[in-house]
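Please examine the display before reading on.

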Amino acid sequence: MTTSPDCPAQVITRPAPLLSRPLLLRFVSLIGASVSFFLLLSVVPAYAAEAGDGSAAGLATGSLMLSTVLGELVTPRIVARHGYRVTLMAGLFLLGAPAVVLTVSGSMAWIVAVCLVRGLGFALTIVAGGALTASLIPAQRRGEGLAVVGVVSGVPSLIALPLGLWLVGQAGYGTVAVIGGVAALAAIASVLGLPDRAARAEKPKVSEDPKEPEESIGVVRGLRTGALLRPVVVFAATATAAGILVTFLPLAVPSASAAVVTVALFVQPAASTVSRWLAGRYGDRHGSARLVLPGLLLSAAGVLVIAATGSVAAVIAGTALFGAGFGIAQNATLTLMYARVSASSYGTVSALWNLAYDGGMGVGAAGFGVLAGLTGYPWAFAVTAVLMLGALAPALRDLRHTSY
């Protein structure tokens, strides 16, 4: 803070620095967790398929995501009891250690057990780590800060996901599993230098008014609080489409256009990354609440365009449009939810948002498979776009309830 030379009495407030030393240190564990998770995300199902059959691959991924979702439900309580550092270190250990011993056995029971433990570890890292990260970002720059965090975690995932299967062909499953495990385990040391802000530090009163501070709340109570539930529902609607695209776009686009799918699946996260950052900068200056509705509409419009699966231009344009909307929805909903609670409830916000992400992707992929079997892919995409608009009601209601 300083004074203007032309008007000494005028106080000029400098923006708080965004990239503090603790936040930069937090990036180490963030990258370690992302590399460990995404490097093995496709590798473990492939390993399971070699040991069993196609259903074994699905069982491996299903057990991983089930454990992740269940872990997200209980992590806020663990954080409240043990703090951020212990929870984050435990998550990195549970994510990394089982990966190192993955190839000790090729039995399905062993693979599922490894996936269940790693899913719990991932849940601990994303919920506790997400809450801690939010506390390290200046409130007035939270939107931009969360966008930067999204880039830091997103780039390793973009690289690690295809790299995992390529490395298997070069060095084998055992080597890749060890690399994935060590990535998480090596990051544990960095957590020791992070602050340990207990999630139960503040307990002011709860209010539907987002301008009033809220007391520490759990996941169940958060789902009964409209100020948190409405953004969760909107984001979940966009996340369902994200799960559908990743799972079914390679199947929906004609095989002759395989290269189109590769480009489209790169364009979508790239557009999401850019729009997430732009949404963060805009939200910090003008408010994130007004971005939730455009994010939903752009996402639905993108899915509708993709329905023309026989057109290269439509597939690329649709994934770009969806990616832009999804990035906006990611940043706007998360920033808005953090702004509506006290720091003691950051763990709950992180859990709810990640539940919407993981649950939405899982439900979307499962439901779309059934729908596409009845209607075919083009109509299934069109119906999905219409169903996404069901989230217009909470989006519009939230906009009316928000005064900033």
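At roughly what angle do the axes of helix 5 and helix 6 cross? The axes of helix 5 (residues 142-171) and helix 6 (residues 173-186) cross at roughly 135° and come within 7 Å. Helix 5 is therefore oblique to helix 6. The model is predicted, with pLDDT of at least 70 needed for local features and 80 or more for side-chain atom pairs, while totals for chains, interfaces and linings use all residues. Residues are numbered from 1 along each chain as its sequence is written, and side-chain values use heavy atoms, without hydrogens and water.

Helix 5 contributes Gly-164, Leu-167, Val-168 and Ala-171 to this contact, and helix 6 contributes Tyr-173, Thr-175 and Val-176. By class, the contact of helix 5 with helix 6 has five nonpolar residues, two polar and no charged ones.

| Residue | Helix | Relative accessible area |
|---|---|---|
| Arg-276 | helix 10 (residues 258-286) | 13% |
| Thr-240 | helix 9 (residues 226-252) | 19% |

Arg-276 touches Leu-146, Ala-147, Gly-150, Gly-327, Gln-330, Asn-331, Leu-334 and Trp-353, leaving out residues up to four places away in sequence. The C-alpha atom of Arg-276 is separated by 8.3 Å from that of Ala-332, 56 residues apart along the chain. Thr-240, neighbours within four places in sequence aside, is in contact with Gly-360, Met-361 and Gly-364.

The terms are used as follows. Axes are lines fitted to C-alpha atoms, for helices over the stretch in contact, with angles from 0 to 180 degrees between N-to-C directions. Helices are DSSP runs (H or I, at least four residues) numbered from the N terminus. Angles under 35 degrees count as roughly parallel, over 145 as roughly antiparallel, 65 to 115 as roughly perpendicular, and the rest as oblique. Contact means heavy atoms within 4.5 Å. Ala, Val, Leu, Ile, Met, Phe, Trp, Tyr, Cys and Pro count as nonpolar, Asp, Glu, Lys and Arg as charged, and the others as polar. Buried means under 20% relative accessible area (1.4 Å probe, protein chains only).

Definitions and conventions: Helices (H or I, at least four residues) and strands (E, at least two) are DSSP runs, numbered from the N terminus. Buried means under 20% relative accessible area, exposed over 50%, partly exposed in between (1.4 Å probe, protein chains only).
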